[in-house]
Amino acid sequence: MREVLTAALPGLRPGATVVEMSTIGPEAVGELRALLPPGVGLVDAPVLGSVGPAAEGTLTVLAGGDVRDCREVLAVFGAVRECGPLGSGAAMKLAVMSALVPAQVLLAETFAYGEAHGVDRGALIDVLSGTPLGVLADRLRVPSEQTRYSLAHATKDLELGAWDGATMATAARARLQEARAAGLGEHDLTAIAAHLGGGPHAPATTADRPAGGPARRAVPHNLSTIPATNGMYSHAVRVGDMLYVSGQAAFDEHGNIVGEGSMEAQAEHVFQVIARILADQGASFGDIAFIRTYLTDMEDRVAYGRVRRKYITGTAPASTTVEVSKLFMPGLLLEVDLIVALPR
């Protein structure tokens with residue numbers, strides 16, 4: 001959104017109104033307001049509903065800000081609900097999704113529990129259909145072949161909406177991140193039921209997850225907030241309550257070395273990347289069980305140790321430090337890999 005509006009700025013005349021309909025959260029809407037000239041209006045108007053309601057014009061438009069100049073246009077999409085000042089539509093959307101998405105993950109876990117205890121899935125859904133969860137249960141009965149609301153988008157919405165203290169949304173976010181890493185991101189959200197339960201309608205996604213098979217036990221995690229891998233490895237792989245973190249080195253998203261020639265600068269970058277990987281899995285440096293460091297010059301261990309002690313405090317984990325003749329990119333001074341015990 002920021003990139004598009006920046007490119008559009010020269011063509012935005014005074015009196016124009018920009019309507020932002022993505023789910024980006026109220027903070028991002030505030031950033032867009034600061035980006036636009038004072039004479040250009042801004043309305044945030046994310047929608048509730050998926051492919052069918054969109055085609056029929058029966059979405060619910062959650063509008064924040066002054067909609068007088070765009071209400072007629074927004075009404076084409078469906079019912080317009082004015083939520084309040086700018087940003088309130090974005091906040092309303094995340095609040096609603098923070099309830100609806102975890103509810104679908106909860107039902108997926110319910111199916112997995114039933115399957116593990118010999119409960120027929122169809123019978124379980126029939127029983128649930130008579131409860132307030134009936135509509136969602138029926139939606140999960142058979143994963144949708146059409147992607148109405150992708151699992152990747154649902155994950156992104158919870159990554160925006162799972163605020164500190166939102167225990168259920170945070171737990172559901174972790175489940176969805178696991179499914180996204182397993183290759184289900186472009187599937188409909190209803191695929192979460194097959195992912196967790198390994199039911200008869202599990203979609204065939206990769207060789208690691210054959211149709212009808214159980215969810216893979218080794219789940220890769222590749223964060224968008226750190227430089228991408230070269231495709232030959234994953235940043236981390238979760239197996240149950242253990243996380244195995246690949247060797248992390250100091251290079252940026254363009255493949256350039258960060259802090260070339262400086263052990264402290266490279267170590268600082270590496271530990272910041274590790275911090276993001278740990279946080280993504282709800283862990284901290286105190287959960288590290290084993291850390292292994294490769295140095296191209298053992299004389300740099302003192303400088304490296306100063307940085308490491310900033311992040312790993314208290315009783316140290318099991319540790320190995322070795323000197324190597326070179327690392328995979330000329331100019332790298334260290335590489336660090338980990339084994340982490342994750343919180344249950």
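This is a predicted model: local features need pLDDT of at least 70, side-chain atom pairs count only at pLDDT 80 or more; totals for chains, interfaces and linings use all residues.
## A glutamate and a tyrosine

The side chains of glutamate 268 and tyrosine 311 are joined by a polar contact of 2.3 Å. Glutamate 268 sits in helix H11, while tyrosine 311 belongs to helix H12. Leaving out residues up to four places away in sequence, glutamate 268 touches Val307 and Lys310 as well as Tyr311.

For a sense of distance, take alanine 75: it is 193 residues from glutamate 268 in sequence, and the two C-alpha atoms are 52 Å apart in space.

## Tyrosine 311 and the other rings

For phenylalanine 285 and tyrosine 311, the centres are 5.3 Å apart and the planes make an angle of 50 degrees, which puts the pair in the tilted class. Both residues are buried.

The pair brings together distant parts of the chain, 26 residues apart: phenylalanine 285 comes from the loop between H11 and E9, and tyrosine 311 from H12. Widen the view a bit and you get one aromatic cluster made of Phe271, Phe285, Tyr304 and Tyr311.

## The largest nonpolar core

Two of those cluster members turn up again here. The largest nonpolar core has 30 residues, and Phe271, Tyr304 and Val340 are the ones that touch the most other members. Two or more residues each come from strand E8 (242-248), helix H11 (263-280), strand E9 (288-295), helix H12 (301-311) and strand E11 (334-341). H11 is the top contributor, with eight residues.

So what does tyrosine 304 touch, not counting residues up to four places away in sequence? The list runs to Met263, Ala267, Phe271, Ile291, Thr293, Leu295, Leu334 and Val336. Apart from this core there is another one, of 27 residues, including Leu151, Ala172, Leu189 and Leu196.

## A buried glutamine

Glutamine 248 is found in strand E8. Is glutamine 248 buried or exposed? It's buried, because its relative accessible area of 4% falls under the 20% cut-off. A polar atom of the glutamine 248 side chain lies 3.0 Å from the backbone oxygen of serine 246.

Skipping residues up to four places away in sequence, glutamine 248 touches His235, Val270, Val273, Ile274, Ile277, Leu334, Glu335 and Val336. Leu334 and Val336 are also on the contact list of tyrosine 304.

## Helices H8 and H9

Now to another part of the chain. The axes of helix H8 (residues 151-161) and helix H9 (residues 167-184) come within 9 Å and cross at roughly 145 degrees, and the crossing is left-handed. On the H8 side, the contact uses Leu151, Ala152, Ala154, Thr155, Leu158 and Glu159. H9 brings Ala169, Ala172, Arg173, Leu176, Gln177, Ala179, Arg180 and Leu184.

Which residues of H8 are buried? They are Leu151, Ala152, Ala154, Thr155, Asp157, Leu158 and Gly161. Their cover includes helix H5 (88-116) and helix H10 (191-197), along with H9.

Arginine 2 has its place in helix H1 (residues 2-8). Its side chain makes a polar contact of 2.6 Å with the side chain of glutamate 31. Besides Glu31, arginine 2 touches Leu32 and Leu35, not counting residues up to four places away in sequence.

Aspartate 69 is in the loop between strand E4 (59-64) and helix H4 (71-74). It counts as exposed because its relative accessible area, 65%, is over the 50% cut-off. From arginine 2 to aspartate 69 is 67 residues along the chain and 22 Å between C-alpha atoms.

## The whole chain

Stepping back, the protein has twelve helices and eleven strands. Its C-alpha trace spans about 70 × 65 × 35 Å along the principal axes. Of its 344 residues, 42% count as buried. Among contacts with a separation of 6 or more, 60% are between residues 24 or more positions apart.

Definitions and conventions
Residues are numbered from 1 along each chain as its sequence is written. Side-chain values use heavy atoms; hydrogens and water are left out. A nonpolar core is a set of buried Ala, Val, Leu, Ile, Met, Phe, Trp, Tyr and Cys residues joined through side-chain atoms within 4.5 Å. Buried means under 20% relative accessible area, exposed over 50%, partly exposed in between (1.4 Å probe, protein chains only). Helices (H or I, at least four residues) and strands (E, at least two) are DSSP runs, numbered from the N terminus. Contact means heavy atoms within 4.5 Å. A polar contact is a pair of N or O atoms within 3.5 Å; within protein, one must be able to donate a hydrogen and the other to accept it, and residues adjacent in sequence count only if both atoms are side-chain atoms. Rings of Phe, Tyr and Trp (its six-membered ring) pair if their centres lie within 6.5 Å; planes under 30 degrees apart count as stacked, over 60 as edge-to-face and the rest as tilted. Axes are lines fitted to C-alpha atoms, for helices over the stretch in contact, and angles run from 0 to 180 degrees between N-to-C directions. A crossing is left-handed if the near helix is turned anticlockwise from the far one by less than a right angle, and right-handed if clockwise.
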